[in-house]
Each structure stands twice: as C-alpha cells, then as structure tokens.
Amino acid sequence: MAEPATDTILVLNGPNLNMLGTREPEKYGHATLADVEALCRDTAASFGLKADCRQSNREGELIDFIHEAHARKMKGIIVNAGGYSHTSIALHDALLAVQIPTVEVHVTNIHARESFRHHSYTARAAFASLCGFGIEGYRLAIQGLAAKLAIKPKA
C-alpha cells in the first residue's frame with residue numbers, strides 16, 4: 001500500500017485535458033496541463049498542502065486514482081473529468097464511495113455549451129462545482145476546498 005498522504009489533495013484531470021493549450025484554444029485558452037499543474041501545486045502550497053496531479057484518458061484509471069486517494073488518506077479531490085463528467089456513473093460512484101471532500105471544475109462554462117454537457121454526474125458527487133473561469137477555476141477550487149476543510153493560508 002502507498003504511504004499515507006494526509007497533507008495531500010488529488011487533482012484529477014480526465015480525457016483530452018492533456019491537450020490543453022492546443023485543443024480548441026478559442027474555448028480552452030492557451031494554458032497547458034503543465035500550467036494547470038503548476039498553478040495547483042502553488043495554490044495548494046499556500047495552504048500547506050501538496051497537490052498530487054494526475055491525468056488519464058481512461059475511465060478505469062481515473063477510478064483507480066480516486067481509490068488510491070482514499071487508501072492514502074488524502075484530504076480532498078479536485079476533479080475535472082472532462083467528457084466523462086457527462087457520462088460516467090462509475091466515476092460518480094467512486095467519488096461517493098471514498099467520501100473525500102470533492103470539488104468539480106471545468107475550464108469552460110458547460111451550461112453555455114452543447115446541451116449534452118449540461119448534466120454532470122461528477123458534480124452530483126462533489127460539494128461544489130466551478131465552471132467557466134478558465135484554469136483559474138482550479139485555484140478557486142483549491143481555495144474552496146481549503147475553506148471547507150478549515151485550512152487557513154500559510155503566512
């Protein structure tokens with residue numbers, strides 16, 4: 001079993017998010033996944049936390065990462081499940097099963113896009129959902145998670 005990571009949050013990115021920066025920049029902007037991960041690590045560090053950033057295009061691997069977060073006693077999850085947000089009951093069930101405080105984030109405003117994107121299964125398993133802030137949504141999600149966990153910024 002992996003070492004406990006009680007000062008760690010999982011930042012989980014789903015399918016096609018590895019293409020940030022080049023995929024439809026008019027919708028998703030020019031920031032890359034590496035930019036997102038750096039932003040998350042910096043924001044988490046400001047609260048004395050570590051961000052374990054993972055990305056996969058495979059649903060089962062995303063579920064395995066969620067289960068690992070539980071096994072390692074991670075404090076929280078930030079999830080952008082990409083297209084799986086709208087289709088994956090399995091991700092929804094995994095998030096509910098681990099009972100780790102979760103914030104869903106989307107780079108674009110899913111409610112202003114195609115109707116099939118308006119419903120999110122992962123949102124139903126999260127205590128909060130952010131969309132439409134670009135990659136800044138990740139920073140807001142971590143700040144909100146820290147507030148939920150009553151973790152104050154480090155001086």
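Visitor: Is Ala-150 buried or exposed?
Guide: This is a predicted model, in which local features need pLDDT of at least 70, side-chain atom pairs count only at pLDDT 80 or more, and totals for chains, interfaces and linings use all residues. Residues are numbered from 1 along each chain as its sequence is written, and side-chain values use heavy atoms, leaving out hydrogens and water. Ala-150 sits in the segment after α6, where helices (H or I, at least four residues) and strands (E, at least two) are DSSP runs numbered from the N terminus. Buried means under 20% relative accessible area, exposed over 50% and partly exposed in between (1.4 Å probe, protein chains only), so at 62% Ala-150 counts as exposed.

Visitor: What is the phi of Lys-73 near?
Guide: Most residues other than glycine have a negative phi. Lys-73, in the loop between α3 and β3, is exposed at 53% relative accessible area. Its phi is positive although the residue is not glycine, with a value near 60°.

Visitor: Which residues of the largest nonpolar core touch the most other members?
Guide: A nonpolar core is a set of buried Ala, Val, Leu, Ile, Met, Phe, Trp, Tyr and Cys residues joined through side-chain atoms within 4.5 Å. The largest one here has 26 residues, and β1 (8-13), α2 (33-45), β2 (50-55), β4 (102-106) and α6 (136-148) each supply at least two of its residues. A second, separate core of 19 residues includes Ala-5, Ile-63, Met-74 and Val-98. In the largest core, the members with the most such partners are Ile-9, Val-11, Val-36, Cys-40, Ala-51, Ile-78 and Tyr-138.

Visitor: Which residues is Ile-78 in contact with, leaving aside its neighbours within four places in sequence?
Guide: Contact means heavy atoms within 4.5 Å. With those sequence neighbours set aside, the partners of Ile-78 are Ile-9, Leu-10, Val-11, Leu-12, Val-103, Val-105, Tyr-138, Ala-141, Ile-142 and Leu-145.

Visitor: Are α3 and α4 roughly parallel or roughly antiparallel?
Guide: Axes are lines fitted to C-alpha atoms, for helices over the stretch in contact, and angles run from 0 to 180 degrees between N-to-C directions. The axes of α3 (residues 59-71) and α4 come within 9 Å and cross at roughly 5°. Angles under 35 degrees count as roughly parallel, over 145 as roughly antiparallel, 65 to 115 as roughly perpendicular and the rest as oblique. The pair α3 and α4 is therefore roughly parallel.

Visitor: Which residues does UniProt list for "active site"?
Guide: The entry is unreviewed, and UniProt positions follow the numbering used here, with shortened feature names and annotations that may be inferred rather than shown by experiment. The listed residues span 79 residues in sequence, yet no two of their C-alpha atoms are more than 9.7 Å apart, so they gather at one spot. One of them, in helix α1 (residues 25-28), is buried at 9% relative accessibility. The names in the record are Tyr-28 and His-106.

Visitor: Where is His-86 found?
Guide: In the unreviewed UniProt entry, His-86 is among the residues listed for "binding site". Its relative accessible area is 12%, so His-86 is buried. Its place is the loop between β3 (76-80) and α4 (89-98).

Visitor: Which residues does Arg-124 touch, not counting those up to four places away in sequence?
Guide: Arg-124 lies in helix α5 (residues 121-124) and counts as exposed, at 63% relative accessibility. With the sequence neighbours left out, Arg-124 touches His-92 and His-119.
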